[in-house]
Amino acid sequence: MIYFIYLLRGIFLSLILAVVITYLCYPLVQAVENKGLSRTGAIFIVYAAMSFIVAGLLLYGMPHIIAQLYRVAEAAPGYAARVQEFTASLQIEYARAGIPETLRRVIDERIGWLENILVQQAERVLETLLGLAGYVFNIILAPVFAFYLLKDIEFFTGRAVSFIPPQSRSDMLALGSEISKIIDSYVRGYLLVSLIVGLMTGLAMTALNMEFALMLGIFAGLTNLIPYFGPLIGAIPAIALALLVSKWMVFKVTIAYLLIQQIESAVISPRVIGKRVGLHPLFVILVLLAGTQLYGLTGLILSVPLAAILRAIFIFTIRKFMPEYN
């Protein structure tokens, strides 16, 4: 089984996306099927509706996204020059402040190091965007896998249950239900919350007349999938751009992101996601750091749901075999 999974490593992304699509579409398929259609017909109707929505978003959104990408490419040299002017003004300011020569050299080295880091990160983002073209086949394959999962999900779950000994079946079904809730909260919950956050951010940046408002909203929505660190990462590009405009703009952008984050954490997330994951914030931060160190961006996104699943399995094991600790 392990060797078989190893052979399938090339389509692992397709399988993950298929699971995501299944979780998103299954309630809709059930609702359409309850109207009297067959399972296959219900899936085709849901797929057609989803394809229509996605096509509409692409036809409306892609021209704007491409236009903003062209603007980013055209504005990059100008922003680079403004960054150099900004760092030069900083050097002039602390030179006037009478900072000792040794400390000034250290500060100059740190500024140069920061500039190199920013350039490297920008190049890495560009490489990632170009590398996405290699995943087109995996993305196309995912709906095909999801179709068969949706069509025969009861068969697959029934076969899986049949392998469980009868005396353990109720316990394993309870554990499976808990794990399903965790996955559900991440697939449906976090995607919906991230969509709302992205929309609010894009509208806020448009209202503040910030450049690249659409790209900033998309970036904020994507990074919001990362617990705790996501909102901070999503705010960095907007604050960096605002810093090149004025200090007043930095203040307004920062307040806007703080308000959006408060609305998301206090109103949206509790209603959409709730507290299904059940991990302490300190443990979440440690898990995120470990996941980033081990597997980069993939570990950053998947570490918390995997940790929550392992927690559910651990608690189930404790309750099953050591009832005195319940």
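**Helix packing and aromatic contacts**

In helix α7, the residues Ser194, Val197, Gly198, Thr201, Gly202, Met205 and Thr206 meet Ala213, Leu216, Gly217, Ala220 and Gly221 of helix α8. Sorted by class, the residues of this contact between α7 and α8 are five nonpolar, seven polar and no charged.

Two packed helices are described by the angle between their axes and the distance between the axes. For α7, which spans residues 169–207, and α8, which spans residues 213–223, the axes come within 7 Å and cross at roughly 155°. Angles over 145 degrees count as roughly antiparallel, and therefore α7 is roughly antiparallel to α8. The crossing of α7 past α8 is right-handed.

Let me place this pair in the whole protein. The secondary structure consists of 11 helices and zero strands. The pattern along the sequence accordingly reads α-α-α-α-α-α-α-α-α-α-α. Of the 326 residues, 27% count as buried. Among contacts with a separation of 6 or more, residues 24 or more positions apart account for 69%.

I turn next to another partner of α7, namely helix α2. The axes of α2 and α7 come within 10 Å, and they cross at roughly 85°. The range from 65 to 115 degrees counts as roughly perpendicular, so α2 is roughly perpendicular to α7. On the α2 side, Val20, Tyr23, Leu24 and Pro27 take part, and they meet Ser180, Ile183, Asp184, Val187, Arg188 and Leu191 in α7. By class, this contact of α2 with α7 has seven nonpolar, one polar and two charged residues.

Two further residues of α2 deserve a comment. Ser14 is found in this helix, which covers residues 12–33. Is Ser14 buried or exposed? Its relative accessible area is 0%, so Ser14 is buried. Leaving aside neighbours within four places in sequence, Ser14 is in contact with Asn138, Leu141, Ala142 and Phe145.

Tyr26 is likewise found in helix α2. Not counting residues up to four places away in sequence, Tyr26 touches Arg39, Leu150, Ile153 and Glu154. Tyr26 and Leu149 are 123 residues apart in sequence, while their C-alpha atoms are 9.5 Å apart in space.

I come now to the aromatic side chains. How many aromatic pairs does the count give? It comes to four, with ring centres required to lie within 6.5 Å. In one of them, the rings of Phe44 and Phe147 have centres 5.6 Å apart and planes at 45°, so this pair is tilted. Phe44 lies in helix α3, residues 39–96, and Phe147 lies in helix α5, residues 136–151, so the pair ties together parts that are 103 residues apart in sequence.

The accessibility of these two residues may also be of interest. Phe44 has 52% relative accessibility and therefore counts as exposed, the threshold being over 50%. Phe147 has a relative accessible area of 15% and is buried.

Phe147 also pairs with Tyr148: the ring centres are 5.3 Å apart and the planes stand at 85°, so this pair is edge-to-face. Tyr148, with a relative accessible area of 47%, is partly exposed. Phe44, Phe147 and Tyr148 form one aromatic cluster.

With a relative accessible area of 4%, Val284 is buried. Which residues does Val284 contact, leaving aside its neighbours within four places in sequence? They are Pro227, Tyr228, Leu279 and Val304. The C-alpha atoms of Val284 and Ser303, which are 19 residues apart along the chain, are separated by 8.7 Å.

To close, I return to helix α7. In this predicted model, α7 is roughly antiparallel to α8, whereas α2 is roughly perpendicular to α7. Thank you for your attention.

Key: Residues are numbered from 1 along each chain as its sequence is written. This is a predicted model: local features need pLDDT of at least 70, side-chain atom pairs count only at pLDDT 80 or more; totals for chains, interfaces and linings use all residues. Side-chain values use heavy atoms; hydrogens and water are left out. Axes are lines fitted to C-alpha atoms, for helices over the stretch in contact, and angles run from 0 to 180 degrees between N-to-C directions. Helices (H or I, at least four residues) and strands (E, at least two) are DSSP runs, numbered from the N terminus. Angles under 35 degrees count as roughly parallel, over 145 as roughly antiparallel, 65 to 115 as roughly perpendicular and the rest as oblique. A crossing is left-handed if the near helix is turned anticlockwise from the far one by less than a right angle, and right-handed if clockwise. Contact means heavy atoms within 4.5 Å. Ala, Val, Leu, Ile, Met, Phe, Trp, Tyr, Cys and Pro count as nonpolar, Asp, Glu, Lys and Arg as charged, and the others, Gly among them, as polar. Rings of Phe, Tyr and Trp (its six-membered ring) pair if their centres lie within 6.5 Å; planes under 30 degrees apart count as stacked, over 60 as edge-to-face and the rest as tilted. Buried means under 20% relative accessible area, exposed over 50%, partly exposed in between (1.4 Å probe, protein chains only).
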